[in-house]
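I opened my notebook for a friendly look at helix packing and salt bridges.

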Amino acid sequence: MNPKQNVINKIHQTGIVSVVRSETKEQAYRTIEACLAGGISAIEVTFTVPNAHHIVEDLAGKYSHDEMILGAGTVLDAETARIAILSGAQYIVMPYFNQDVVRMCNRYAIPCMPGVMTIKEVIEAMESGVEIMKLFPGELFGPSMIKSIKGPLPQAQLMPTGGVDLDNVGEWLEAGAIAVGIGSHLTRGALRGDYASVTEIGKKFVEKVRETRNKMKTKNR
């Protein structure tokens, strides 16, 4: 299996990508450690975090690919994507579809997850070689949007981000999401220094994903 497909498979298996937005490097590191302790190994360091590329570089040197699936988020252009990739990012996430960023990621055989809101954007992303699309902002649509997209495009692999919480994460997965991106509903405690809450909420998300997937397997037998 090639490295790109391996990353995609790991994100699917994990089912959760932790979106880390922090005010400082120290806060970012401690938030990430809390997410890992909660059982979430797919980490997206957003490039709104100060010195984000240094954080990615540090994490890439500290953790193996088995310990962490390391990504860069809020990537707005190809230049930033290249910096993130050379720093050690295993996948790139952006809030919108940008062909130049996709080309850059394809050049380095790195998974790219652009934000999409419409069927047109989903098709354009797929035609550009994108394998997982980020439905964003998820709170504007709800889980029913996944079903609506997968009606005409059952092959579309979608990861909602924004609006995913403990009450609806199961609905997103049951609607057909390949994984979910979780930001403030997981990490908000870190902003007040409560990293233990991040770990505890992370464990609850992991358990919810596990329960939902087991339920889906039983239902499909």
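Which residues in helix 3 meet which in helix 4? I found H53, V56, E57 and A60 in helix 3 meeting I83, A84 and S87 in helix 4, with contact meaning heavy atoms within 4.5 Å.

Before going on, I noted that this is a predicted model, where local features need pLDDT of at least 70, side-chain atom pairs count only at pLDDT 80 or more, and totals for chains, interfaces and linings use all residues. Residues are numbered from 1 along each chain as its sequence is written, and side-chain values use heavy atoms, with hydrogens and water left out.

I then looked up the geometry. The axes of helix 3 (residues 52-62) and helix 4 (residues 78-87) come within 8 Å and cross at roughly 25°. Helix 3 and helix 4 are therefore roughly parallel (angles under 35 degrees count as such).

Next came the salt bridges (a side-chain nitrogen of Lys or Arg within 4 Å of a carboxyl oxygen of Asp or Glu). I read that the structure holds eight of them. One of them joins D66 and K10, at 3.5 Å from N to O. D66 sits in the loop between helix 3 and strand 3 (69-73), K10 in helix 1 (residues 3-14), 56 residues apart. I checked accessibility too: D66 is exposed at 71%, whereas K10 is buried at 16% (buried is under 20% relative accessible area, exposed over 50%, partly exposed in between, with a 1.4 Å probe and protein chains only).

I also looked at R210 and E207, whose closest N and O atoms are 2.4 Å apart. Being three residues apart in helix 10 (residues 195-219), R210 and E207 are separated by about one helical turn.

Terms used: Axes fitted to C-alpha atoms, helices over the stretch in contact; angles between N-to-C directions. Helix = DSSP H or I, 4+ residues; strand = E, 2+ residues; numbered from the N terminus. Parallel < 35°, antiparallel > 145°, perpendicular 65-115°, else oblique.
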